[in-house]
Amino acid sequence: MGRGKIEIKRIENSSNRQVTYSKRRNGIIKKAKEITVLCDAKVSLIVYGSSGKMHDYCSPSTSLVEMLDGYQKASGKKLWDAKHEDLNNEIDRMKKENDGMQIELRHLKGEDINSLNYKELMGLEDALENGLTSIRNKQFEIVKMMRKQVCNITLQIIRKKVIDITYATCI
């Protein structure tokens, strides 16, 4: 004996509606998993409930981004607007810039310099010399400041001893 057909319309009772949603959501996710296994299909499913909570499933052999890109190509519908494209381009630019900076850092450490030509080596040497000069200047400032602090502390100790001696002779 089969189940009776129901009329497809909004369920007014919120408790019954939530129970039906939960059961049908689980059922459709189960069917998505089954079709993935049985037919080696790529399936992606996203379900939003009335509360805004998202439930999703994506076949293990693919990713949601791959599925959306495939959908965009097959349907001709533009999913990513110009803003997203600009952000993607910015990310790509920043990745390239980061790669360049990592190479430059390796060069500054003396690594991977065999591929550099004479002009690049001279530029690297100048950068290192400028850096070394800045480091030495900063070290000199710190030593000078420390000497000044030592002098101040020594002066305070001497003053205290003079006061102590003066006080002792007065007594």
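Just after helix α2, G76 takes a positive phi of about 80°. Helix α2 itself covers residues 64-75 and reaches 16 Å from its first C-alpha to its last, close to the 16 Å expected at 1.5 Å a residue; that expected span is 1.5 Å times one less than the number of residues. Helices here are DSSP runs of H or I with at least four residues, and strands are E runs of at least two, numbered from the N terminus.

A word on ground rules: this is a predicted model, where local features need pLDDT of at least 70, side-chain atom pairs count only at pLDDT 80 or more, and totals for chains, interfaces and linings use all residues. Residues are numbered from 1 along each chain as its sequence is written, and side-chain values use heavy atoms, with hydrogens and water left out.

Now the core. The largest nonpolar core has 6 residues: I29, A32, V43, L45, V47 and Y57. Both α1 (14-39) and β1 (44-48) supply at least two residues of it. A nonpolar core means buried Ala, Val, Leu, Ile, Met, Phe, Trp, Tyr and Cys residues joined through side-chain atoms within 4.5 Å. Buried is under 20% relative accessible area, exposed over 50%, and partly exposed in between (1.4 Å probe, protein chains only).

On to charges: the whole structure holds 5 salt bridges, each a side-chain nitrogen of Lys or Arg within 4 Å of a carboxyl oxygen of Asp or Glu. Among them:

| Salt bridge | Closest N and O atoms |
|---|---|
| R10 with E12 | 3.5 Å |
| R93 with E90 | 2.6 Å |
| D164 with K160 | 3.6 Å |

Both R10 and E12 are exposed. D164 and K160 sit about one helical turn apart because they are 4 residues apart in helix α4.
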